[in-house]
Amino acid sequence: MKTYIAILICLLLLITGMMAQERKMEPWDAKAEVKYKKRLAEVKEEIWGWKQAGFKNRTVPAEYAKESAVVLAKHTELTTPDKDRELHRSFRALVAINDKAALEEYSEFTFKQYETLSSWYPLEPFDKMTKVIYMGARIFKKDGGTREIYSDEAVVTEVNRRSHKTRKLAIPDLQIGDLIEYFVREEKFINHNTAYTEEIFVLGEEEPVLEYSVHVSAWEEVFALEYRSMNGAPNFKQKIADHMLQLDMLVKNVPPQPVSLWMNPFRQIPMLRVHLRVGVRREKLGRRKEGTIYSNPNALKTRDEAVAGIVGMRNATSSSTLPFLGEVWDNVKRFKKENKNVTDEELTHYIYYLIRYMGLYRVNPQDAIVVDQRRNWAGLSEINFLRYVNYMLVKNDIDADFVLATPRYGPAQNEVFEADDFRVMLKTVGKKPVYMSAEGIFSNTDYIPAEFEGQKAPLVNGGPKEDGIKGNVEIPYSDASKNRQVENMKISFAKDDLQQLKIDRTSSASGHFKRPLQQKLLLYEDYYDAERQALGIKQSFMEEFADSKRNRSLADEYRNAFDKARKDVKESFLDEVKEQFDISPESLDGYKVLKMGLRHNVPEIAYNTNFTMNGYIKKAGSNYIIDAGRLIGPQMSIKPSQRERKADIYMSFARSFEYNIEFQIPEGYTLEGADKLARNVDNECGSFVVTTKQAEGKLTVNVKKIYKNSFAPAAKWPQLLEMVDAAEAFQQQKILLKKA
Amino acid sequence: MLCTRNRLCINLILCGLSLPALAAGGNYWPEVAENKRVVSAFEENKNIVIRERKERYEFVKGDEKNPVWVKQSFTTFYRCDEYRGSVPVVEFYDDYSRVDEVKAYVNGDRMKVKVEHDYYSVEGLFYSDARVCGFMLPLEKKGTESRVEMQKTVLDPRYFTSIFFQEEFFQEQKEVTLVVPRWMKIEIREMNFAKAGVKTSKTYDEKTNADIYTYSAKGIKASKSEPHAPGPSYLYPHLLVMTHAAETPSGKITYFSNVNDLYAWYRSLVKEIGNDPATVKATALNITKDKKEDIDKIKAVYTWVQENIRYIAFEDGIAGFRPAKAQDVLEKKYGDCKGMANLTKEMLAALGLDARLCWIGTRHIAYDYSTPTLSVDNHMICAVNLKGKQYFLDATETYIGFDQYAERIQGRQVLIENGDQFTLSKVPLRTFEQNRQVEKRTLEIDGNNLTGKVDHQYTGECTEYILTQAHQIKKDKLEEALEQFLSKENRSYAISSVKTSDLHDWSKDMTIHYDLQHKDAVNNFGDELYVELDFRKEMEDAGIDTTLREHDLWLSFKRQLVQETALTIPAGYKVKSLPPAVNIDQPKYAFKAAYEQQADKIVYRKEITIKDTHLEKKDFPTWNNDIKKLRQTYLEQITLTKK
């Protein structure tokens, strides 16, 4: 326990700051508390004074009696009290507590009373760099009684002089059947001319909402407002009156969002996005004209801002954005010298992998020694990495474009609202473009992250002189065959115990399946060395250290750390087997990585595991029943509440699974029932096909499960269901090993 | 709830809603799931060891408010044996202690230490006065040492209760020194020293007129955290320090020389509570207005507190020992164990019943009140005397019935208030019969399916587990979650027409009834039908990995699971073979399963009984062997053949 506590504490210490040891309130805190209480009194008077009709409601409609909680009313206000860029965001909700789960959810609130908005400044409550939160709650009892509590009564659970003060509020006298009405008020300043608030109002949440209203009000002399309504959400009612830009929305009876599986909220659920931003006299990129309300602005304007951002990023090349440039050039020059006829495509790959190596694989003497699985999660900033690659491509006369993609689970190109809605890839120009992204330490060329597939994206020339957009590209979808998991299993029966399976399993994964397995199973020592050699870098850091008087002991230490990591990786393999079969093996007798899949030309990770499994063979008299269906591992099960579906289906990517299971029939036994295993479900959305072959004392079962597309309209749901159900049902299938 | 913008929001929907534990599993054997391989970051850490740790504790004169302090100094030498790294150095303090100074040396050179202080938050604890300070200590390279020197003061010797020898790293050498001036009266009890190899000595220092106790040991293994292990006071060698009294210039201060003193101190705190009986009485009368018998009134009050008072744990200085006012807990509808016990007691007292507060150490603690220290207890409950019988009420166990007791308090000694006196008693022990789950199925073969009706009945802690899980689920999702739980998320085990007893009434046995269609549970090969009757296979995974497990394993509670299935043999078929019976009856548990043909039926009856929750390491081989036998019965099927 103490160990866990120690780890926990240390993690805590790494992210929290200095605080006084004494418990008594420090002077700065005590002084601020006086002001806080005074302001809280004003805030609660203001917010409880709101007149929205929904807050007078005390009745839960019969149709929602079975809901855990029902939001009778909620209202958000975004206001600017004066012209000095102060911003107040207030939220008030009235919620009926219908069960214990809701009671637990609404009975405690944690909030940051003060939070500094800049890491450069220490916490100073009520200055322009600090956000202050006030909150209050009142309970309406069934018998008409009420009870109130406010944030100044909450216990303090964290004080970090550098960044924040956190409090926790326990709601008194809250019981099932009560209504809780609470508010949260944030007060802060907008400190940058280009800053804006990011608000999303989602009309479809877990709880039904009977009345949902929003009011935004900002000084027309100072601010600009913009909003976008999406997926059928209404537009705001807008007006400019009394020097204020105003937006209002009132929506009644928002039902709970019914489906949670394979949804894409940004493209399916009605919502409104709002920016309140500091205006400027003349509209320009990144700035909006003061006193103006932009209703559903043209997405091209946002795109142009994103393009300008990319251009600026692309051109920001300096020694700080291009570290280790000399070494990169040395290696590129050597590579070109050693490969006189190198093609642009080959050089592109080389540059990409070289920068990946320099940024993530290489070790410096002063680095902390991290060579276990933690290292496999390392990554580089998307922008910084791709800028570097682009820079080297340009300098080597290879044409490339930046691809401004909008991820599938964000807004579509025609509904972007801010430059951050875009992400970036790099793509070479030509008939066979090489796509490049920054997906971490195992990121490779010729790979398009699943979230970008199928998106139409503008292109920005990688060359330094071109500033506008160059055109668009339709990012291709990957085929199910590219995202593939294959399990080849040779199964024999233990001679002394027919109920024990000996499994020799070779597995591979490609496409979007690859990276998680690489992160789980690969050892830094192995991939470091493989990449170093592939890049033609002669000396390893271990050799460098061994040659250096100063760092000689480091080589020894790394050797020890490598050995420990290699020993510990067995746990990862054990875990991988358990995940695949949903049961721990009796013993893991062998494990080995066959292919690391580090590059585009090795598109899969492959590995072998040898283990024994119990629990798959049932004895019946002198015969044995084999749970053959369970050998493909746990299959997806669609719950009753998910079986009726009206929403379109958004899956991460098209994918395929293949299981080739070969049973060695033990001597003295015959195998029956293999014919019953066969399945053939094949439709537009997917397929589940099982074939069997019996020959020479062996039964071979081939199972293929394919999700053909990443998207399907709701109307096709029955077809997808047919395939998923078939795979699930297959798990029950058995064959008989009969005593001859 | 975290007050963040757009609380609900996108992530929840994106990630899919995950239901709590009820939906995830079919059976309650948590220790089974958690007993799997647990490899912590520091487990078997051969890289960094403590070459030497010296601890010195000295009783000194304090100030007017706290006349006696305990000055503590710790010097720790860490050594790196394999590769460079850093170690977390942490120390806890609270209202009654402070960390005075921290110095660190890396490879002999003084390091500038920037000690970070923070509130210590623990999951499940709403608020604690505990604070933690610490920093990361680098170990420069293999073969080097880093050293930490820390000074700490405990401001009241009442709170200085124990010295443990274990650390989170292997210690090659350890020395603990206690300097006890003769004006300070303490008792030191050596705990778990039997195999610890601790050498002890006692000398007298004339100059300071102090006794000096020295304890040294070599090769102390690192502490290891394992799920379902006994508490540290059972596992590790330690010194239990009982501070009896101090002779100070202003007179004698009595601390805890015996349980009378301990009770007197507790009593003094209870006297300060400030309960308002009138407020509490009105509610108590309302709750019991329909009850005539005292026993029914007690049950009604207990159930009301269980259902209406939320448990929120507070540890805040002296308030960590003094219950909150009953009227405050009643008004706020939340409280910690002391607050809930005090409210229960006050309500019952208001009804004229003989109710008392009780201090108790749960089974996590190895001591009883023969060792009067503040380490002896960690919980408070209520006792009520009625017609010569004593009942204990622990309302923090939300869904346990009256006169049923959770494993954690069963058999534990309780200190019961009795005016200025006290009584010592014990919470009754309960057998597995308190906690039963019975499943009865009547099934027929219909093609490849088994169909029929199923009844479940739960009692005691089995009920508590189910209801705790059920009430965490939002009620619009409860029905589906319950089905998922009962079917182990297997759609082939299709459940319909589920009826449950009142989930808000745990004074009666909890029952569940439903119709079942277990698809493809029957396999037809030639003239023969193969049937698997055991769907749940409880504890098949309960083997203990003896290569990893270091400590005894304490199962959550005693219980009995009974499953009975009556299968009608289809017309035209007869039994060809039935699986052999298993009949294991050990002192601590029993696993029994048998198939029997009774006329046109096959009756399968299984009983899994945990009679004693404490599995000692010496029990593991037999336990594993018996689990293997149980598992083997799960791997047997019935064969029916055509007549």
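Tutor: Let us examine one pair of helices in chain B. Helix H6 (residues 277-287) of chain B packs against helix H9 (residues 337-350) of chain B at an angle of about 80°, and their axes lie 8 Å apart. The model is predicted, so local features need pLDDT of at least 70 and side-chain atom pairs count only at pLDDT 80 or more, while totals for chains, interfaces and linings use all residues. Residues are numbered from 1 along each chain as its sequence is written, and chains are lettered from A and ligands numbered from 1 in the order in which they are written.

Helices (H or I, at least four residues) and strands (E, at least two) are DSSP runs numbered from the N terminus. Axes are lines fitted to C-alpha atoms, for helices over the stretch in contact, with angles from 0 to 180 degrees between N-to-C directions. H6(B) and H9(B) are therefore roughly perpendicular to each other, a term for angles of 65 to 115 degrees.

On the H6(B) side, the contact is made by Pro277(B), Val280(B), Lys281(B), Thr283(B) and Ala284(B); H9(B) contributes Leu343(B), Glu346(B), Met347(B) and Ala350(B). Here, contact requires C-beta atoms, placed from the backbone, within 7 Å. These residues comprise 6 nonpolar, 1 polar and 2 charged. Ala, Val, Leu, Ile, Met, Phe, Trp, Tyr, Cys and Pro count as nonpolar, Asp, Glu, Lys and Arg as charged, and the others, Gly among them, as polar.

Of the contacts in chain B with a separation of 6 or more, 73% join residues 24 or more positions apart.

Note on methods. Angles under 35 degrees count as roughly parallel, over 145 as roughly antiparallel, 65 to 115 as roughly perpendicular and the rest as oblique. Two residues are in contact if their C-beta atoms, placed from the backbone, lie within 7 Å.
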